[in-house]
Amino acid sequence: MDISRYEDHGQFCSGHAACGGCVEALTMRVILNEIGPDAVGVVAPSCTAVILGGYPTSSARIPFIHGLIETAAAMGTGVKRGLAAQGKGDTTVVCFAGDGGTYDIGIQALSSAAERNEDILYVCFDNEGYMNTGGQKSSSTPHGAATGSTPLGKATVKKNLIEIMVAHRIPYIATASPSHLADLAAKVRKARAIRGMKVLIVVIPCLPGWGVADDSAVRVARLAVESGVFPLMEVENGTTWRIASEQTRPIDAYLASQKRYRHLSDGEREALQAEVDAGFARLKALEAINPG
Amino acid sequence: MNKQALSPLWTHLTSEGNRTGTWRAALPRYQDQPSPCLGACPVSGRIATWIGHVKAGDLRAAWEVLCDNNPFPAIAGRICHHPCETACNRAKLDETVSICALERHVGDAALAAGWGFEAGPERGVSVAVIGGGPAGLSAAYQLRRAGIAVTLYEAREALGGLMRYGIPSYRLAREVLEGEIARITAMGIDLRLGTGVADAAALEALAGAHDAVFLATGASLPKRLPGLDYGAGFVVDSAAFLVAPEEEQKAMTGAHVLVIGGGSAAMDVARTARRLGRRVTVMTLEPEGQLPAQQVEIEEAAEEGVAFITGAMLKHAEGGETVTITAVRVRFEPGETRGQFSVSEIGGSAFSLTCDTIIPAIGQDADLARWGAVLGADGPVVGRRAGRIRAGGDVASMERFVTHAIGMGKEAAREIIAELAPDAPLPAPLPGPLVGYARINTAYHPGHPRVRQPSAPLSARLQSFAEVQQPLPAEAARREAERCFSCGTCIHCDNCYLYCPDMAITRLLPGYEVKTDYCKGCGLCVAECPTGAIHMQEDVP
């Protein structure tokens with residue numbers, strides 16, 4: 001059970017343009033309030049950019065630079081170094097991007113920044129597709145999920161960004177979920193205190209993109225965690241693994257909670273279950289040989 | 001900062017100027033709604049509310065909420081048939097909450113602390129209550145709280161009715177009974193003990209002397225069993241047996257007692273006889289599993305060595321050195337309403353057995369003929385009345401439950417209060433449908449098994465009339481209270497506030513308010529409410 005308590009300091013404002021019930025806005029609320037006022041943000045084109053923007057207004061109390069989709073990590077690098085040159089090295093620099101701007105289009109800039117161990121907090125709002133442009137697949141779209149460009153279900157598996165980032169040996173990688181807000185806040189707090197590159201991947205069940213009811217995105221995210229589809233985990237320095245969530249239920253309820261899986265046959269569902277089980281077992285094995 | 005100095009590329013307004021509330025079709029509404037336990041409760045108790053106070057460790061507040069509807073929590077916490085637990089939503093997750101044991105926990109704490117009731121400011125009107133059992137005492141208590149003078153007529157020498165004269169002390173300790181009754185009489189009641197009301201004419205006279213009358217004389221005429229000679233020396237009346245002192249009970253019974261009936265009274269007779277050292281057999285028309293007594297009573301009777309012959313009907317009893325009875329196996333068909341049934345004999349199933357004493361305990365009827373001229377042939381019911389006279393409890397209902405009588409006494413009193421003292425405060429009933437399991441977000445209620453109520457060791461039980469059911473230890477009670485879903489009751493957990501993606505919930509102290517300028521009507525707050533205390537309502541401008 002997650003105790004959802006965190007403190008709200010008004011760092012994220014009402015009146016933003018997110019769909020009603022969007023948990024991307026909810027997680028932005030928690031992250032921005034946890035980061036506080038001494039921060040500068042950069043954002044790649046994404047739902048996040050839409051929720052933040054609408055020139056000349058902003059829903060964030062900290063300044064955000066809106067850049068090109070492949071540049072989130074590069075912008076963050078420049079802003080951080082510029083601030084450091086002005087003697088403001090304690091100011092947090094946070095990069096917001098979607099999975100398109102992270103797994104696909106922005107991965108070169110992300111990999112470079114990670115390799116240089118830039119002192120930025122990179123947050124990927126992972127809704128597993130290009131949901132802002134009408135719901136096309138990205139390399140984060142999971143196996144079997146239907147999107148506008150994979151109407152019969154994606155034939156390949158979701159790209160494993162966690163292990164890609166682990167391979168860079170950066171100080172901190174974590175996953176988080178809008179169903180576990182206190183956990184999300186704690187991870188942001190921890191990341192802020194770490195010097196160097198931090199990557200946080202947050203699962204965002206997309207209401208129109210996944211086919212989820214307006215009031216259900218938190219429930220779907222909780223099912224993703226509990227079924228082991230999206231485990232809550234942390235990896236420090238590429239060598240210390242911690243898998244905090246347990247696999248406590250089969251994936252049936254998770255699959256049934258969204259329209260993007262409803263075309264699956266029984267056999268395909270069983271195959272997905274086997275994939276999830278194997279993935280979770282692999283994580284536990286990695287944790288066992290890389291204990292905290 | 002000077003806005004003029006900013007580059008025109010900088011944003012200088014927040015999004016708060018956008019009234020996203022205009023997107024909305026429905027608005028969350030905070031409204032406590034009745035829990036299923038409340039719906040099943042014979043006194044309509046605010047169970048989720050008082051258990052919330054137990055969780056918070058405030059037993060005084062819990063007791064006050066309990067006593068809005070029932071002045072006998074320590075008694076009800078021992079003997080109520082607790083339909084609340086059958087209705088409890090938690091059964092669909094793991095096991096029902098031990099509501100009855102928690103009620104006893106609160107009731108016992110109140111007795112130990114000596115908390116008392118206060119009468120309301122006197123209103124210059126008076127009501128005669130006839131019968132000092134659970135219904136009459138419940139009505140008298142509610143009337144006194146509203147400041148209405150009460151004259152209470154009780155035919156016997158002590159108050160309590162069935163609670164005193166029908167329920168043995170191993171189920172309801174006498175100091176508990178005395179304590180909860182004394183608290184009511186301390187509110188200032190004109191007590192007329194040993195003063196029965198003889199007939200319809202006397203009732204009419206009382207109606208003339210008071211502003212209203214509440215009739216709660218119970219049901220005291222034993223039902224008769226065909227095939228049994230009630231004049232025979234080996235037949236003992238169950239009510240007379242239960243009310244007799246221990247020495248007399250011993251004199252009334254032989255070595256092997258046959259109790260006929262499957263209700264609470266039959267169990268009370270059987271278990272009392274076991275405590276006298278008698279061998280006891282209970283014979284019931286109902287098959288196993290359909291006995292009207294509470295399951296726990298049947299289980300405890302069996303533990304104490306009571307033998308059961310279920311699905312059988314007495315045909316004949318013949319006295320002699322010992323008593324020989326003949327009986328036959330029957331098929332039992334329950335009827336539409338409680339107490340109604342039909343039986344058919346199974347051919348060739350006759351059998352006989354011997355015993356020394358037969359105690360039929362098959363229920364009692366109300367003496368309606370006595371009031372017939374006033375109340376009409378088909379009997380009085382709450383809400384139906386003859387002039388200033390209302391009736392409640394067993395005289396007006398076939399539900400033979402103490403708490404049902406307490407509830408009827410309360411309802412009748414509230415009707416009288418509404419009429420005679422319309423400005424006296426009365427608690428408003430919770431609106432809306434019962435909160436079903438689907439409205440509980442079980443992610444916030446981790447599985448946890450029900451706390452077992454301890455009972456006295458079997459070896460000690462048959463040695464005395466001391467209470468069998470033991471109190472919950474304080475820590476166990478608090479843990480059990482934590483298991484309550486608080487269905488339909490806001491627990492101020494802040495989930496609605498924290499889960500709102502639009503910051504559209506304001507925390508008040510206490511409670512919450514929706515900012516209609518920004519609420520997009522998504523319903524996340526409702527979905528993430530652990531207790532079902534919020535619901536969406538269509539928002540028509």
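The following legends describe close-up views of a predicted model. Local features need pLDDT of at least 70 and side-chain atom pairs count only at pLDDT 80 or more, while totals for chains, interfaces and linings use all residues; side-chain values use heavy atoms, with hydrogens and water left out. Residues are numbered from 1 along each chain as its sequence is written, and chains are lettered from A in the order in which they are written.

View 1. With a relative accessibility of 13%, Gln294(B) counts as buried (under 20% relative accessible area; exposed is over 50% and partly exposed in between, with a 1.4 Å probe and protein chains only). Neighbours within four places in sequence aside, Gln294(B) is in contact with Ile79(B), Cys80(B), His81(B), His82(B) and Ser264(B), where contact means heavy atoms within 4.5 Å. Although 215 residues separate Gln294(B) from Ile79(B) in sequence, their C-alpha atoms are 9.5 Å apart.

**View 2. Helices H2 and H3 of chain B.** The axes of H2 (residues 47-55) and H3 (residues 59-69) come within 7 Å and cross at roughly 170°; axes are lines fitted to C-alpha atoms, for helices over the stretch in contact, and angles run from 0 to 180 degrees between N-to-C directions. H2(B) and H3(B) are therefore roughly antiparallel (angles over 145 degrees). H2(B) contributes Thr49(B), Trp50(B), His53(B) and Val54(B) to the contact, and H3(B) contributes Leu59(B), Ala61(B), Ala62(B), Val65(B) and Leu66(B).

**View 3. The aromatic pair of Phe96(A) and Phe125(A).** The whole structure holds 10 aromatic pairs over all chains, a pair being rings of Phe, Tyr or Trp (its six-membered ring) with centres within 6.5 Å; planes under 30 degrees apart count as stacked, over 60 as edge-to-face and the rest as tilted. Phe96(A) and Phe125(A) are edge-to-face, at 5.0 Å centre to centre with 85° between the planes. Phe96(A) belongs to strand E4 (residues 92-98) and Phe125(A) to strand E5 (residues 121-126), 29 residues apart. Phe96(A) is buried at 0% relative accessibility, as is Phe125(A) at 1%.

**View 4. The aromatic pair of Tyr30(B) and Tyr512(B).** This pair is stacked, at 5.6 Å centre to centre and 25° between the planes. Tyr30(B) in strand E2 (residues 26-30) and Tyr512(B) in strand E19 (residues 512-514) are 482 residues apart. Tyr30(B) is partly exposed at 24%, whereas Tyr512(B) is buried at 10%.

Conventions. Helices (H or I, at least four residues) and strands (E, at least two) are DSSP runs, numbered from the N terminus. Angles under 35 degrees count as roughly parallel, over 145 as roughly antiparallel, 65 to 115 as roughly perpendicular and the rest as oblique.
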